Amino acid sequence: MARYYTGLLVATLILVSGKGSAAEKAEQLIEHNMLMNHGGGHLMDMEGGMIMGQNKDTLPPGCNRISEEASITVRAGHKYSKDFPGTMFGFDAHEWRVKPCTRLTVTFINEDHIRHQWMMHGLPKFIYDKGMFHLEMTGPAKITGTLILPSEDKTYLVHCDIAQHMEKGMKAQLIVGKGSTPFPSIPGITDLAIPDDYGPKVADSVKQVVAPVPGASSAGGAATATPSQSPSNSTFLFGIILGVAVTPLAIGYYKKRFQGMSGQEVSSHLVNLGKSSLDKLLGLLTSLLGGVNKK
Ligand SMILES: [Cu+2]
C-alpha cells in the first residue's frame, strides 16, 4: 500500500514538473508586437510595452551602408543576479560587441513580474531624439526593437532605469567597434566604482564586535582578580591574627613542657617529635601511593 502511494506521488511530481517546463513557460510569454507608433521611433501599447528610438533605415552620418545585420536576445530577471554578490537584478549577459553601422535587433525578455528595461544611452540626438534606444515591459513578456549604430568606436551604457535596478545589477555595456572608456560596476565585466569590501574590514569589524567578549572576559578577569585579592588579603590578615594570638600560647605551652629539662633533653625531645612527625608523613604518603597503586 505504501509503495502504491509512493508511486502515485512520484507520478504526480513528474506530471507537475513536466507541466511547468521552461519551454512551455517561454511560450506563455506575452509578446508585445501590436504597439501603437507615436512617431520618432516611439512605440507603445496599453500593457506596458514600449520601444523608444527605433530606427530601421536611417543611416547615421559616416555610415554609407549597413555594415552588418545582427540580433541579440537579452533576458532580464532576478535570477540572473545570483552569480554576482550584492546584486538583486541582472541581464543574462552584461556586454555585447557589434561593428560600427550595424543594424541591431534586440529581443528583450523580461522574466520577472515587475517592470524592466533595456535602455541604451549616448546615441546622437539628431537621429535618436532622446539620445537613447529603449525597450521596456511590465511582467513576463517579450519585445523586439531595432536601431542602427553610429560609425564611431564607442562604448554605450545599457541599463534598467527603474529605481535601484541598475545599482542592484542591471548594468551593461554595448561596445561598438573598438569601443571607448568602459563603464564601472558592470557585473562580471568591470570593477566596482565603489568596491564592496567583504574582506579584512569586515573581519576587523567582527573583531570589534567580538572584542568586547575577550575585553569583557579580561575585564571579568580583572574583576575576579580584585575580589580574589581580598580573600588572599583576608587570609593574610587571618594568618597574622592567628599567629599573634597562638604564638604566645604555644610558647607558654612549650615553656611549661620543657620546664626543668636540660638542653640535651629538650633537643632529643624535639628530634623525637620531628621523627614521629616524619614517620606520620611517610606513613601518610605510603598509604596514599598504595591507594593510587591499588587503583
Ligand atoms: Cu529593471
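Colleague: Hi! Which residue does Met-120 stand opposite in E12?

Modeller: Met-120 stands opposite Val-158 there. A word on the labels: strands (E, at least two residues) and helices (H or I, at least four) are DSSP runs, numbered from the N terminus. Keep in mind that this is a predicted model, where local features need pLDDT of at least 70 and side-chain atom pairs count only at pLDDT 80 or more, while totals for chains, interfaces and linings use all residues. Residues are numbered from 1 along each chain as its sequence is written.

Colleague: Thanks. How many bridges join E9 to E12, and do they run parallel or antiparallel?

Modeller: Two bridges join them, and the strands run antiparallel. Two strands pair if DSSP finds at least two bridges between them.

Colleague: What does Val-158 touch, leaving out residues up to four places away in sequence?

Modeller: Its contacts are Trp-118, Met-119, Met-120, Ala-172, Gln-173 and Leu-174. Contact here is a matter of C-beta atoms, placed from the backbone, lying within 7 Å.

Colleague: OK, zooming out. In what order do the eight strands of the open sheet come?

Modeller: The order is E2-E3-E4-E10-E9-E12-E13-E7, with mixed pairing. At the edges sit strand E2 (36-37) and strand E7 (95-98), each pairing on one side only.

Colleague: Let's go to E10. How many bridges join E9 to E10?

Modeller: Seven, and the two strands run antiparallel. Within E10, Thr-138 is the residue that Arg-115 stands opposite. E4 is also joined to E10 in the antiparallel sense, by three bridges, and Met-50 stands opposite Glu-136 in E10.

Colleague: Is E10 mostly covered or mostly open?

Modeller: Mostly covered, with five of its seven residues buried. A residue is buried if 20 or more other C-beta atoms lie within 10 Å of its own, exposed if 12 or fewer, and partly exposed in between, with C-beta atoms placed from the backbone.

Colleague: Why does Met-137 count as buried?

Modeller: Because it has 27 other C-beta atoms within 10 Å. Met-137 has its place in strand E10. Not counting residues up to four places away in sequence, Met-137 touches His-32, Gly-48, Gly-49, Phe-108, Asn-110, His-116 and Ile-143. There is also Asp-45, 92 residues apart from Met-137 along the chain, with the two C-alpha atoms separated by 9.8 Å.

Colleague: Switching to the core. Which residues touch the most other members of the largest nonpolar core?

Modeller: Ala-76, Phe-108, Trp-118, Met-120 and Val-158, out of 35 residues in that core. Strands supplying at least two residues each include strand E5 (68-77), strand E8 (102-110), strand E9 (115-121) and strand E12 (154-159). E8 gives the most, with four residues. A nonpolar core means a set of buried Ala, Val, Leu, Ile, Met, Phe, Trp, Tyr and Cys residues joined through C-beta atoms within 7 Å.

Colleague: Ala-76 is new to me. What is its bridge partner in E6?

Modeller: Phe-91. E5 and E6 pair in the antiparallel sense over two bridges.

Colleague: What is the strand order in the five-strand open sheet?

Modeller: E1-E11-E8-E5-E6, and the pairing is mixed. Strand E1 (30-32) and strand E6 (90-91) are the edge strands, each pairing on one side only.

Colleague: Last one: how many helices and strands does the chain have?

Modeller: Five helices and 13 strands. The chain has 295 residues, and 20% of them count as buried. Of the contacts between residues at least 6 apart in sequence, 66% join residues at least 24 apart.

Definitions and conventions:
Contact = placed C-beta atoms within 7 Å.
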